[in-house]
Amino acid sequence: MTDTVVKQAQSAAGDDRSTQTAVATMYRLTDGHRASALIATALTLVGSALGLAQPLVAKQVVDASGRGQVLGPLLLLLAALFVTEAATGAMGRFVLERMGEGVVRQLRHNLVGRLLRLEMREYDKHRSGDLISRVTTDTTLLREVVSQALVDLVTGTLVAAGAIVLMLWIDPLLLLLVAATVTVAAVIVASLLKGIRVASERIQTSIGAIAADLERALGALPMVRVHRAEDREAARIGACVESAYIAGVRTAKLASVMSPAVELAVQGSFLIVLVIGGLRVSTDANSLGDLVAFLLFASYLVLPLSSVFRAVGLIQRGMGAYQRIEQVLSLPAEPSQAQTPARACTREPARQTLSHEKSALALRDLSFGYDPSRPVLRGISFTAPHRSQTALVGRSGAGKSTIFALVARFYEPDSGALLFDGQPATELSRAECRSRIAIVDQNTHVVHGSLRDNITYAEPNASEAEVQRVVELAQLTGVAERLPGGLSGMLGERGGTLSGGERQRVALARALLARPSLLLLDEPTSHLDAVNETALTAVMRDVARECAVLVIAHRLSTVQHADRIIVLDKGTAVACGRHEELLTTSPTYRELAAGQILRPATTPSHVTSARPHPHSPL
């Protein structure tokens, strides 16, 4: 019993005001589950009342035995009280556990929904492993709080009060002596609990850091292996493990100091009751039945008081977990609706001036910076007409991928207008904008699952004919034949069983299946050999007959047949035209073409002799 009281008491910390705030916060979590909480509280109180009645019956048994009376009925009553208390307590505990699971389920749904819809800027500020730990570790801690601590706090207080009243009725002097002993121990315990709470919070933080660092290492495991960084990563994660260990040892140290104080409260109280109570029985101040009942009530008092200690500590520890959860729930999420008409009206003149109604996409004087004080794009303007191919070229860091991020509405521009089919993006929800586009990102995303799952990710109900069409267009037939199970073959974590080029073709098939009005291709040939690049270039020309294609490429051979090429430099559009025009009119484009031995776009072949073209700066 001493060890139980130590474990339960060591988490109670904080002043009354902070405890009241924590209790109120935890109580709000039970919204929608109040009926279950009331039922569980009622069942627990009934069980506790039955438990409090048992010492009174035991007192009658002892007194009746001394008088030589029949004990059978009293013993049956005592047994009935015991069995009924156990059954009632079991039902109450089940209701509590079910309520706790329900609260945690709702919290996890809310967290997952929020994490999947956060503004992209927030992912730049937080580590994914730490965010994941808030869905798993922190909610698990809260489960114990809402399923046990709140009811234990109420019932423990009421039962302890009832036990104290009955002890006062039996022998006020013995109660005063017990109270004095417990008070001394409580003062010692309270002085140590704050340190235990701080140490517990450090353990929670360290666990989150362990998850974040481990996710960081496992997410880049090939890089870790190639650079022989296993020991360095193990040391980094080990530092977090050591931090959790140090905090855990400190908790154990404080708990070990608390043990004598708790023993004083428990064993000292029993010794005092036995000695003083025995003397009072010998002087006929009390009966033997009174002493037995008082001892039983004293033992019963330990459990509710320890449950109150435990409840207060759990609630305060739970507040640390809840604050981490609340931080995520308070992060800004993407709006589900379009912006207000007032904002949209400011864009109307731009629509009329630009006459972009025939363009799938139009950018007008668009400026943006991930840090507003350091703009990445400065006044970008261009259009991507329907059934045409528009290319973005430029040095690394010129802002090409940032344009794609803005078109996908991952970020909002600082100024300027973004229009889809002549309609300002501010008049459309982000979902409406994204329903018009498909994207093949530079960092191709392949999720754990089958090849079919990855291809049909955007269109889960696509027909077999549609899937086969994009498999052939993206030249994935060989991949499907190689995989055990064909299209149903599993690809492994992050598509680890595929090459870089194959992953890129999976992403292309996924994008083509969506039949977008605007297809965004970010470096689509970066992982392809010359033969597959030529084939993909032909596919791009075919797709451009059905929708607008906006492509980013460093390989100019990929885009030299584009209908128009936008040349970016330091966040601005410095030239626009076809391949042949830009070779003669744009110094920036000629510089980009240096080293890439290209013929004019009128020549069907992409490969030439080693001699430079007359129009090339080479």
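**Close-up 1. Helix α18 is largely enclosed by the rest of the structure, because 13 of its 14 residues are buried.** This is a predicted model, so keep that in mind for every view here. The helix covers residues 500-513, and from its first C-alpha to its last it reaches 20 Å, close to the 20 Å expected at 1.5 Å a residue.

**Close-up 2. Helix α16 packs against α18.** Two numbers tell you how a pair of packed helices sits: the angle between their axes and the distance between the axes. Here α16 (residues 464-473) and α18 make an angle of about 135°, and their axes are 9 Å apart. The two helices are therefore oblique to each other. As for handedness, α16 passes α18 in a right-handed crossing.

**Close-up 3. Helices α4 and α6 pack with their axes 9 Å apart.** The pair is made of α4 (residues 72-115) and α6 (residues 128-170), packed at an angle of about 150°. That angle makes α4 roughly antiparallel to α6, since the cut-off for that label is anything over 145 degrees. The crossing of α4 past α6 is right-handed. What sort of residues make up the contact of α4 with α6? They divide into 13 nonpolar, six polar and seven charged.

**Close-up 4. Helix α19 has a buried side and a face turned away from that side.** The buried residues are Asn532, Glu533, Leu536, Thr537, Val539, Met540 and Val543. They cover an arc of only 160° around the axis, so they sit on the same side of α19. On the face turned away from the buried side are the exposed residues Ala530 and Val531.

**Close-up 5. Arg409 has a positive phi, near 60°, without being a glycine.** Most residues other than glycine have a negative phi. You'll find Arg409 in the loop between α13 (400-407) and β4 (415-420). Is Arg409 buried or exposed? Its relative accessible area is 3%, so it counts as buried.

**Close-up 6. Lys570 has a positive phi too, about 55°, and isn't a glycine either.** This lysine lies in the loop between β9 (564-569) and β10 (572-577). Lys570 counts as exposed because its relative accessibility is 64%.

Technical notes
Residues numbered from 1 in each chain as written. Predicted model: local features only at pLDDT ≥ 70, side-chain atom pairs only at ≥ 80, totals over all residues. Heavy atoms only, no water. Axes fitted to C-alpha atoms, helices over the stretch in contact; angles between N-to-C directions. Helix = DSSP H or I, 4+ residues; strand = E, 2+ residues; numbered from the N terminus. Parallel < 35°, antiparallel > 145°, perpendicular 65-115°, else oblique. Left-handed = near helix turned anticlockwise from the far one by under 90°. Nonpolar A, V, L, I, M, F, W, Y, C, P; charged D, E, K, R; others polar. Buried < 20%, exposed > 50% of the residue type's maximum accessible area, 1.4 Å probe, protein only. Arc of directions from axis to C-beta. Expected span 1.5 Å × (residues − 1).
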